[in-house]
Amino acid sequence: MKKVIAFIILLSLAVLFWFAFAIWTGLYSVYSVPPTPGDPDGSTLIVAREEGEPMFDSPQYKPPPRKIEKSGGIGFGSEYHARRPIDKRTIVELPYIDWAYQKSLEPAQEETPAN
C-alpha cells in the first residue's frame with residue numbers, strides 16, 4: 001500500500017512540475033474567465049499558448065499597441081493568424097483563481113515587430 005501511495009505522490013509531483021515548466025517556457029497559458037451572471041463560478045483554464053498570447057490571459061485582456069517601424073523599401077512582415085478557439089486549446093479546467101485574473105489585467109508592455 002505504501003508503494004502505491006508513493007507512486008501516486010510521485011506522479012502528482014511530476015504532473016505539477018510539467019505544468020509549471022510548460023507555463024514558464026510558454027507552451028501553456030493561464031486563461032481566467034471571471035464570474036458572470038451566466039457563469040457564477042467562473043473558471044481558470046490552462047490552454048495551449050498561441051503566438052503573441054500572454055502568459056496570463058482573460059476576455060478583458062487588452063494587448064499592447066504594436067510598434068510600427070517604417071522602412072524605405074519593401075518589407076516582409078509576419079502575417080496575422082487567427083487564434084484557435086479557447087475550447088479547442090483547453091488542457092485543464094480549474095476553479096476560478098482571482099490572482100491569475102488580476103495578473104491578466106495588468107498593463108502589457110509595447111510590442112516590437114519581429115525582424
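Me: Which residues of helix 3 are buried?
Reply: In helix 3 (residues 98-105), the buried ones are A100, Y101 and S104. Buried means under 20% relative accessible area, exposed over 50%, partly exposed in between (1.4 Å probe, protein chains only). Helices (H or I, at least four residues) and strands (E, at least two) are DSSP runs, numbered from the N terminus.

Me: Where do they sit on the helix?
Reply: They line one face of helix 3, because they fall within an arc of 100 degrees seen down its axis. The arc is taken from the directions from the helix axis to the C-beta atoms.

Me: What kind of model is this?
Reply: A predicted one, where local features need pLDDT of at least 70, side-chain atom pairs count only at pLDDT 80 or more, and totals for chains, interfaces and linings use all residues. Residues are numbered from 1 along each chain as its sequence is written, and side-chain values use heavy atoms, leaving out hydrogens and water.

Me: New topic. How many salt bridges are there?
Reply: The whole structure has 3 salt bridges, each a side-chain nitrogen of Lys or Arg within 4 Å of a carboxyl oxygen of Asp or Glu.

Me: What does R89 pair with?
Reply: R89 pairs with E53, with the closest N and O atoms 2.8 Å apart. R89 is in helix 2 and E53 in the loop between strand 2 and strand 3, 36 residues apart.

Me: Are those two buried or exposed?
Reply: Both R89 and E53 are buried.

Me: And what about E50 and R84?
Reply: Their side chains form a salt bridge at 2.9 Å, N to O. E50 is buried at 19% relative accessible area, while R84 is partly exposed at 43%.
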